[in-house]
Protein chains: 2
Amino acid sequence: MIRVAINGYGNLGRGAEQAIAKNEDMELVVVFTRRDPATVTTQGAPVAHVDDMPAWADKVDVCLNCGGSATDLIEQTPAAAALFNTVDSFDTHARIPEHFAAVDAAAKASGHVALISTGWDPGLFSMLRVLGEAVLPDGATTTFWGPGVSQGHSDALRRIDGVVDAKQYTRPVEATVAAVKAGDDVELTTRSMHTRECYVVAEEGADLARIEREIKEMPNYFADYDTTVNFITAEELAAEHAGIPHGGTVVRRGHTSDGVAETVNFELQLDSNPEFTGSVVAAMGRAAVRLAARGESGARTVFDVTLADLSAKTSQDLRAHYL
Amino acid sequence: MIRVAINGYGNLGRGAEQAIAKNEDMELVVVFTRRDPATVTTQGAPVAHVDDMPAWADKVDVCLNCGGSATDLIEQTPAAAALFNTVDSFDTHARIPEHFAAVDAAAKASGHVALISTGWDPGLFSMLRVLGEAVLPDGATTTFWGPGVSQGHSDALRRIDGVVDAKQYTRPVEATVAAVKAGDDVELTTRSMHTRECYVVAEEGADLARIEREIKEMPNYFADYDTTVNFITAEELAAEHAGIPHGGTVVRRGHTSDGVAETVNFELQLDSNPEFTGSVVAAMGRAAVRLAARGESGARTVFDVTLADLSAKTSQDLRAHYL
């Protein structure tokens with residue numbers, strides 16, 4: 001059994017907990033938290049304060065760092081990599097080289113493997129981008145996101161004066177997705193690729209026209225998109241928009257000779273973004289343990305793992321039944 | 001530059017030749033053939049008889065074995081693996097363990113890496129089946145093939161008395177694909193998953209009703225499917241059915257918790273089956289060279305290569321631009 005720790009018990013941490021329960025070769029041995037452990041209730045695993053992590057160094061095969069990218073992981077992953085093999089889902093694209101270097105130093109010093117930036121984007125989408133380009137070098141890769149909830153855009157809506165609560169869905173423009181898959185000539189712009197759909201609960205008596213205008217004119221977040229605004233009640237928001245669905249598509253289209261085109265599509269449709277991300281992080285935990293068992297150490301990414309490393313099956317099983 | 005040899009110059013060998021030309025880090029140094037080399041014209045590479053392979057042992061980094069699975073590869077790959085790192089696209093699923101063992105012995109004895117059963121199925125589809133199960137262990141994987149040309153079924157049509165030429169397209173039943181992706185309750189049977197569409201050129205004066213009946217009642221090939229038969233002229237066959245398109249879809253749908261489902265779809269739409277297969281084989285050639293450079297030897301499969309092994313880019317580039 002792979003002994004797994006979860007570091008951080010928010011949406012992603014709970015998603016990873018569900019995922020570990022689905023994997024017969026894994027057991028959750030501890031959840032680390034910055035809160036008072038007595039206030040955290042898991043589905044059964046013991047809870048320890050992050051300050052007590054060192055006591056678990058010999059009892060954990062891999063630690064899944066489930067904090068946020070904005071501030072948590074940049075410190076959490078190097079700290080955990082000093083004690084354990086680790087996995088994180090660091091997704092601030094511009095800072096990945098810097099994060100890799102810091103984690104690599106910590107992991108090499110302690111002799112552990114630290115898999116960074118897993119999940120689905122970065123993560124599975126990244127893997128498919130590299131795969132698509134490797135098999136179709138003469139082509140173009142296009143990524144569409146959604147339909148799904150954008151947390152950052154939902155937060156931006158909530159900061160508007162008069163907004164009580166809100167949820168924002170990002171949707172790919174289906175006609176553009178179809179055109180890219182078919183290789184039709186289509187201009188790829190912010191507006192042609194995605195729309196933004198807002199469900200907003202306003203304060204009683206708020207100026208709805210002003211709120212809608214502020215949303216649609218908000219630079220970066222909404223101004224460059226076709227944005228729709230729907231005002232709904234708090235009850236409707238709770239009843240119909242409680243989930244955190246997401247997904248997207250990576251399309252690689254390339255030519256293998258003159259006039260001969262091939263298309264590789266990879267698509268995710270997720271009822272729960274954090275549960276699926278947790279599932280990927282858990283599988284990557286298995287891979288980190290396998291890499292470490294081969295004597296590797298340092299930071300790694302999804303580009304450094306094999307399918308055999310990710311699978312609970314033996315190579316013999318995989319060859320006989322999955323090829 | 002990776003010095004590549006092609007062993008066998010049929011449709012797949014020519015597809016691999018196109019692919020090598022698209023990869024800036026590869027050069028085609030020789031094409032091996034069982035025919036008289038003087039009768040084989042490539043796009044520029046020298047041609048040598050297979051009996052002269054040993055003379056190329058030090059001049060080739062990887063040999064792409066492009067023979068057929070029925071009889072060629074079972075001998076071709078072990079023979080080539082005694083001299084070179086190799087890649088093949090062996091696709092007789094039931095004999096893969098046996099082929100792996102024979103190739104493994106030859107490659108280990110000579111200190112080379114031999115990647116077997118690459119291409120898209122087996123190959124990319126196999127990778128996605130393992131990836132899908134690793135990230136969604138509680139679920140089901142379904143593979144659909146087509147729309148595309150089935151060579152075996154086209155051959156079966158041509159063996160019918162009164163048939164001059166023919167082409168058979170396999171098509172997934174779109175409603176069934178949609179149901180599987182949506183998780184709707186659908187019975188997966190031979191008939192519910194694929195249809196077979198036949199374009200047949202008959203001899204003048206042949207009994208078309210008899211031919212159509214023989215096709216539709218042919219066991220294994222057509223009897224279990226909804227099969228349509230279209231009689232066309234040799235000119236129409238040449239004008240409208242000259243290509244070798246193919247493709248398919250691997251769907252993994254699983255639950256991450258009660259009532260919460262996630263779907264992973266991987267889809268290929270290929271204008272040219274042999275050119276795309278050749279492209280995958282070429283990328284796998286790069287991976288075989290990388291594995292060998294790390295000191296590995298023996299038989300390997302697509303489950304044993306990383307995305308970094310497949311890519312022409314450096315790991316640093318991949319982290320900075322593809323994650």
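Here's a short tour of a helix pair and a few cysteines.

Before clicking: this is a predicted model, where local features need pLDDT of at least 70, side-chain atom pairs count only at pLDDT 80 or more, and totals for chains, interfaces and linings use all residues. Residues are numbered from 1 along each chain as its sequence is written, chains are lettered from A and ligands numbered from 1 in the order in which they are written, and side-chain values use heavy atoms, with hydrogens and water left out.

**Stop 1: two helices.** Select residues 73-81 of chain B, helix α2, and residues 96-110 of chain B, helix α3. (Helices are DSSP runs of H or I with at least four residues, strands are E runs of at least two, both numbered from the N terminus.) Their axes, 8 Å apart, pack at an angle of about 15 degrees, which means α2(B) is roughly parallel to α3(B) (angles under 35 degrees count as such).

**Stop 2: the contact.** Show side chains for heavy atoms within 4.5 Å, the contact cut-off. From α2(B) you'll get L73(B), I74(B), T77(B), P78(B) and A81(B); the α3(B) side includes A102(B), V103(B) and A106(B).

**Stop 3: what's buried.** In α2(B), L73(B), Q76(B), T77(B), P78(B), A80(B) and A81(B) are buried (under 20% relative accessible area, 1.4 Å probe, protein chains only). Their cover includes β1 (2-7), β4 (62-65) and α3 of chain B.

**Stop 4: cysteines.** Jump to C66(A): its sulfur is 8.0 Å from the closest cysteine sulfur, in C63(A), too far for a bond. A disulfide needs two cysteine sulfur atoms within 2.5 Å, and the count over all chains is zero. C66(A) is buried at 8% relative accessible area, and C198(A) is buried at 0%.

How values were computed: Axes are lines fitted to C-alpha atoms, for helices over the stretch in contact, and angles run from 0 to 180 degrees between N-to-C directions. Angles under 35 degrees count as roughly parallel, over 145 as roughly antiparallel, 65 to 115 as roughly perpendicular and the rest as oblique. Buried means under 20% relative accessible area, exposed over 50%, partly exposed in between (1.4 Å probe, protein chains only).
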